[in-house]
Amino acid sequence: MSRIAVAVSAAGLVLAGCGSSDGSSDAAAATSATGAAGATATTGASPTTAASGMCDFTASPQAAARNVHPPENPNPPSTGTVPLTLDTSVGAIGLTLDRAQAPCTVESMVSLAQQNYFDDTPCHRLTTQGIYVLQCGDPTGTGSGGPGYTVPDEFPQDLAPAEGMGSGTDVYPRGTVAMANTGRAHSGGSQFFLVYKDSPLPPEYTVFGTIDEAGLAVLDEVAAAGTKPGPGGMTAPNMQVQIVDAVVG
């Protein structure tokens, strides 16, 4: 199972994953919270990157939420960008995926989009306090779904420290696209989050692209509409966001 958990710590609200693939759930009353799936918030994970030039797309114990296969190329390009448009029920969100930042993650996202994995799927979680993200990428809409394989970590090395938050907390800036994970090494899958306002987080979530201005305007509108209770203790967007189609190119 895989979801993103939110836990309160000395550094503020922190994203962490639950389960075996990637994901999200709210547990805002503990220093090291445990989500409904039973996985704890990320603590002590050391930033690592995928092995140089090779991507280990490892089968997950969790069955795939949809019938897809891992990327066929374990040695993807490490330069260039890929445009990916999320055509959603509330407007288009344009993404630019950066192979230089995260070649394995970008290769996986492109592969999943080309296999129609993201089509007709909800963005199941919205956070509006402490961290500011919309989370998508789970066809089940529960925060527990993944693609049946994991993606190696490619953690960011160049984020700015979050002022007043202590060491180990950086700023994921507005317009960032990053992967959720389970809190364990190399556990990302298909769930990703879109940052619509600067958010303090440990640098333990792969950054793999940016959001265009039109997409940020859509996210601002979704955030302004607020949240409601969601599955597994998460907060879901009041304004339903459904990815109708994910188009590469």
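These legends accompany close-up views of two salt bridges and a cavity in a predicted model. Residues are numbered from 1 along each chain as its sequence is written, and side-chain values use heavy atoms, with hydrogens and water left out. Local features need pLDDT of at least 70 and side-chain atom pairs count only at pLDDT 80 or more, while totals for chains, interfaces and linings use all residues.

**View 1. R99 and E107 form a salt bridge.** A salt bridge here is a side-chain nitrogen of Lys or Arg within 4 Å of a carboxyl oxygen of Asp or Glu. The closest N and O atoms of R99 and E107 are 2.9 Å apart. Both R99 and E107 are buried (under 20% relative accessible area; exposed is over 50% and partly exposed in between, with a 1.4 Å probe and protein chains only).

**View 2. R174 and D220 form a salt bridge.** Here the N to O distance is 2.9 Å. This pair links distant parts of the chain, 46 residues apart: R174 lies in the loop between strand 11 (170–172) and strand 12 (176–179), and D220 in helix 2 (residues 213–224). Helices (H or I, at least four residues) and strands (E, at least two) are DSSP runs, numbered from the N terminus. R174 is partly exposed because its relative accessible area is 35%, and D220 counts as partly exposed at 31%.

Key: On a 1 Å grid over the protein atoms alone, a cavity is a set of points where a 1.4 Å probe fits but cannot get out, and a pocket is an open set with protein on both sides within 12 Å along at least five of seven lines; lining residues have an atom within 4 Å of a point. Grid points are joined across faces, edges and corners, and a volume is the space filled by probe spheres set on the points.
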